[in-house]
Amino acid sequence: MVEFEVSDDGIATITWNVADRPMNVLNDVSIAQFEKCIDRALSEPSIKGALITSSRPEFLVGADLDTLRGVTDASVAMKLAGRLSALLRRMERGGKPFVAAINGSALGGGLEVCLASHRRIAADNPRTQLGLPEVTLGLLPGAGGTQRLPRMIGLQRALPLLLEGRTLDVAKALELGIVDEVVPADQLLSRARQWLLAAGATDAVQPWDRKGFKMPGGGPQTANGRQLFMVTVGGVRAKTAGLYPAPTEILSCLHDGCNVDIDAGLKIEGRRLAKLAISPTAQNMIRTLFYAIGDANRLATRPAGVQRQTFTRLGILGAGMMGHGIAHVAAKSGLDVVLLDTSREAAEAGRTKALAPLERQVAQGRMAAGELERIAGRIKATANFDDLSGVDIVVEAVFENRAVKAAVTAKAEAVLAPTAIFASNTSTLPITGLAEASRRPKNFIGLHFFSPVERMQLVEVIRGRETSEETVARAMDFVKQIRKTPIVVNDGRGFYTSRVFGTYVYEGMALLADGVLPSVIDRAGTNAGMPVGPLALMDEVSIELMHKVMRQTQADLGAAYQPQPQDPVLVKMVEHLGRLGRKSGGGFYEYATDGTKHLWPDLGKHFPLAKEQPDFEDVRKRLMYIQSLEAARCLEENIIDASNADVGSILGWGFPAALGGVVSQIDTVGLARFVEECDRLAQRYGARFLPPKILRDRAGKEKLFRAA
Ligand code: NAD
């Protein structure tokens with residue numbers, strides 16, 4: 001895992017190669033080996049100094065999260081963090097020079113190894129990323145990152161890197177002073193060796209261990225420092241809404257730790273990391289953001305026994321908002337795209353829109369003109385169905401209308417190869433019903449993209465009743481190929497994401513109908529960590545659209561339709577008041593031309609306030625628990641599994657990652673307590689809060705849905 005070699009000139013080379021993991025990572029075993037190497041380098045008198053490098057494309061990408069997964073004991077977490085931290089301190093204080101020869105990405109603990117080295121030389125490698133991304137998983141760098149980085153580049157430059165977990169390329173790292181020099185890759189080791197051979201005694205002492213050391217730019221108690229912390233604390237509070245403890249802990253490490261000597265600072269850092277590592281927030285973020293999204297990207301639930309497919313040619317029906325977005329991502333991923341609309345002009349207009357974001361990138365110098373040309377050459381705009389011959393897959397994104405969809409299905413299938421997949425991007429129409437228009441329902445599937453397609457990572461893969469497992473597997477291959485994250489769901493009204501996400505906005509309207517102050521409703525949503533309040537979100541999505549969905553469902557279900565608390569609000573807003581949403585001039589909010597908005601002042605007239613306003617916590621719980629209840633019903637009906645449900649909630653509608661997703665929220669609250677609370681809400685606000693059987697059954701045994 002870590003190799004050790006000494007050359008005749010007395011320079012040791014320590015080479016990372018954690019062969020049994022996909023990348024070089026820090027875990028109990030690799031740290032123990034690294035420790036042996038460092039101790040040997042320090043103790044053997046013939047060794048003058050050592051260089052640390054890797055024989056794999058990356059340098060070292062940080063902690064092996066398997067070691068932190070499910071840890072609930074603070075002492076275990078503390079030991080994990082403490083070991084590397086103590087080792088690095090020994091290394092930098094040992095009196096011999098160490099150089100990090102950074103051949104590729106150094107992230108988290110990997111960068112911390114570099115920071116503790118006496119010199120950092122990086123290969124000029126455009127793929128290298130350097131950074132401390134721990135915060136993005138609810139953690140903090142626990143092997144000196146919060147102490148050495150600010151002592152090296154100053155608080156002001158270190159803070160954003162630690163708080164946002166941003167990564168840098170080599171050039172930027174050089175500019176900031178995180179690396180000392182950048183050399184051509186083939187000279188990396190010789191340059192490191194040369195520096196070591198020339199190094200004098202003081203080169204083996206870190207600046208912060210020298211007499212009279214001063215923090216660059218001043219410490220936390222200088223006027224600059226105080227000002228900086230004042231501004232940053234406010235910003236962090238506003239952003240994290242009290243849900244994400246890591247940024248606050250990082251701030252404390254910098255504030256308290258940079259005010260004392262580095263040994264005391266490292267102790268502060270270790271204690272704070274241990275606290276974070278066992279927090280439900282970090283455990284939730286690691287479980288879902290790292291493992292569950294990783295599983296989804298690796299197609300962990302892909303049906304077995306189907307050969308992997310690489311797609312070369314995609315047909316898109318409808319060059320509207322979704323169609324051109326899909327054309328953009330597919331062409332960028334190297335597929336040839338046939339973009340079809342009712343007229344050649346409409347298709348061309350879609351093609352132009354598909355390329356517009358790339359043209360902006362070229363104008364800003366972020367993409368080469370030749371690359372744009374190559375991508376543009378892959379998109380063919382047409383109105384002729386014959387052009388679809390030879391495509392491996394079709395994505396249909398025409399109007400949300402059964403008859404229109406049925407017509408284009410038949411026309412496309414007339415020219416498609418028998419093996420080609422036909423995928424509908426419908427947002428509301430059940431796939432099984434749409435597949436009735438197909439002559440080959442086994443090859444018919446749903447691929448539900450989200451808007452804007454360029455930015456939204458998730459694609460819901462919807463299995464209709466007749467869809468074959470082979471089609472599911474191949475559709476997942478397609479999603480992966482265009483670099484999106486698939487979750488597989490079974491057919492049903494609203495599939496998974498729209499169905500569960502819908503409960504959030506509907507509950508917002510139910511609260512309005514109950515006479516709750518509108519500003520409180522939206523604040524409760526954002527306060528709970530949702531990106532936007534439910535009423536503001538309704539305006540964005542379009543109240544008119546939700547009204548249409550309601551009327552369509554009423555028509556489809558007839559007498560079986562169960563009236564919902566939001567129905568009267570939709571009827572009043574759309575049919576009586578003509579407030580259809582943001583695009584139509586306003587809805588629950590009024591929109592000024594300067595981009596600002598405020599709640600529509602007449603809202604109170606049409607939805608009178610209740611005399612007694614509910615507890616804020618209750619409003620918050622109603623908005624959040626209703627989502628988890630609906631997700632639990634989806635699990636019960638076998639629409640989706642728990643891991644994908646969490647992934648879909650975070651990537652699909654921005655459910656707070658701190659809670660690990662909509663299902664993890666139940667585990668985090670505790671099953672028995674969640675059921676108890678929902679029973680209480682049901683009694684007070686309606687039967688929609690009654691927990692489904694799956695929840696009651698598990699609650700008795702505290703059987704978690706998403707065990708660590
Ligand atoms: P849109 O109105 O922007 O685009 C639809 C396009 O289809 C138009 O360009 C239209 O000319 C074309 N079209 C209509 N009939 C056609 C036909 N017979 N042959 C070829 N082209 C035809 O709509 P959109 O927002 O892109 O939505 C398309 C589909 O994607 C709908 O089913 C919608 O429910 C679904 N969807 C939309 C969103 C969203 O946020 N807009 C999200 C997910 C899914």
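**Salt bridges, pair by pair**

Modeller: Let's begin with Arg120, which counts as buried, at 4% relative accessibility. Keep in mind that this is a predicted model. The partner of Arg120 is Asp180: their side chains meet in a salt bridge, 3.6 Å from N to O. This pair links distant parts of the chain, with Arg120 in strand S6 and Asp180 in the loop between helix H6 and strand S9, 60 residues apart. Asp180 counts as partly exposed, because its relative accessibility of 31% falls between the cut-offs of 20% and 50%.

Why can such pairs form? Side chains of opposite charge can pair when their charged atoms come close.

Next, look at Glu35 and Arg83, whose side chains meet in a salt bridge of 3.0 Å, N to O. Here helix H1 holds Glu35 and helix H2 holds Arg83, and 48 residues separate the two in the chain. Glu35 is buried, at 17% relative accessible area, whereas Arg83 is partly exposed, at 33%.

Now for Asp556 and Arg402, which form a salt bridge at 3.6 Å, N to O. Asp556 lies in helix H21 and Arg402 in helix H15, so this pair ties together parts that are 154 residues apart in sequence. Both partners are partly exposed: Asp556 at 33% relative accessibility and Arg402 at 38%.

Some salt bridges share partners, and in this way Arg89, Glu92, Arg148, Asp209 and Asp263 are joined into one network. In total, the count for the model comes to 50 salt bridges.

How values were computed: Residues numbered from 1 in each chain as written. Predicted model: local features only at pLDDT ≥ 70, side-chain atom pairs only at ≥ 80, totals over all residues. Heavy atoms only, no water. Salt bridge = Lys/Arg side-chain N within 4 Å of Asp/Glu carboxyl O. Helix = DSSP H or I, 4+ residues; strand = E, 2+ residues; numbered from the N terminus. Buried < 20%, exposed > 50% of the residue type's maximum accessible area, 1.4 Å probe, protein only.
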